[in-house]
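User: Could you walk me through this one? I would like to start with a backbone detail and then move to the overall fold.
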Amino acid sequence: QVQLVESGGGLAQAGGSLRLSCAVSGVPSSSTYAMAWFRQAPGKEREFVSAISQAGGSTDYADSVKGRFTIFRDNSKNTMYLQMNRLEPEDTAVYFCAARNPVGTWDLCFAYDYDYWGQGTQVTVSS
């Protein structure tokens, strides 16, 4: 059973940076799974942030974070990351990592397309 654990959230000032990590366990290798980051702010729907292919060679971003966030993964460490730069107060949310079974395309941006979820990590950006 795939288990995902996020870390790295916290408080940052606007314009600052944070790096989130998502550790994958319960499987021989994380490279089997396409993965993604989503976020959910209070009172809002969970929204897509970024996705990455199994080997990490292809990535996709929501327009709101393009140019500021970078997704990458190290399959030798079974870990995925989200480097967040130039943070804005609007980035405040709980951030979730997600993985999907290797069926179909890797580039999916709807929460229902993902099979496994972490518990989330809080990111708060002050102005």
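**Backbone and fold**

Analyst: Asn78 is buried, with a relative accessible area of 14%; please keep in mind that this is a predicted model.

User: Where is Asn78 found?

Analyst: Asn78 sits in the loop that links strand 7 (69-74) to strand 8 (79-84), and its phi is near 50°, a positive value in a residue other than glycine.

User: And what about Arg86, buried or exposed?

Analyst: Arg86 is exposed, with a relative accessible area of 51%, and its place is in the loop between strand 8 and strand 9 (93-100). The phi of Arg86 is likewise positive, near 50°. Most residues other than glycine have a negative phi.

User: Switching to the fold, how many helices and strands are there?

Analyst: The protein has zero helices and eleven strands. The radius of gyration is 13 Å, close to the 14 Å that the globule rule gives for 127 residues, so the protein is as compact as a globular protein of that length.

User: What does the C-alpha trace span along its principal axes?

Analyst: The trace spans about 40 × 25 × 25 Å. Of the 127 residues, 46% count as buried, and among contacts with a separation of 6 or more, residues 24 or more positions apart account for 58%.

User: Last topic, the surface and charges: how many positive and negative side chains?

Analyst: There are 10 positive and 12 negative side chains, with the centres of the two sets 5 Å apart. The accessible surface comes to about 6200 Å², and 49% of that belongs to carbon and sulfur atoms.

Definitions and conventions:
Residues numbered from 1 in each chain as written. Predicted model: local features only at pLDDT ≥ 70, side-chain atom pairs only at ≥ 80, totals over all residues. Heavy atoms only, no water. Helix = DSSP H or I, 4+ residues; strand = E, 2+ residues; numbered from the N terminus. Rg over C-alpha atoms; globule rule 2.2 N^0.38 Å. Buried < 20%, exposed > 50% of the residue type's maximum accessible area, 1.4 Å probe, protein only. Contact = heavy atoms within 4.5 Å. Areas by Shrake-Rupley, 256 points an atom, 1.4 Å probe, with all protein chains shown as cover. Lys, Arg positive; Asp, Glu negative; His and termini not counted. Charge placed at Lys NZ, Arg CZ, Asp CG, Glu CD.
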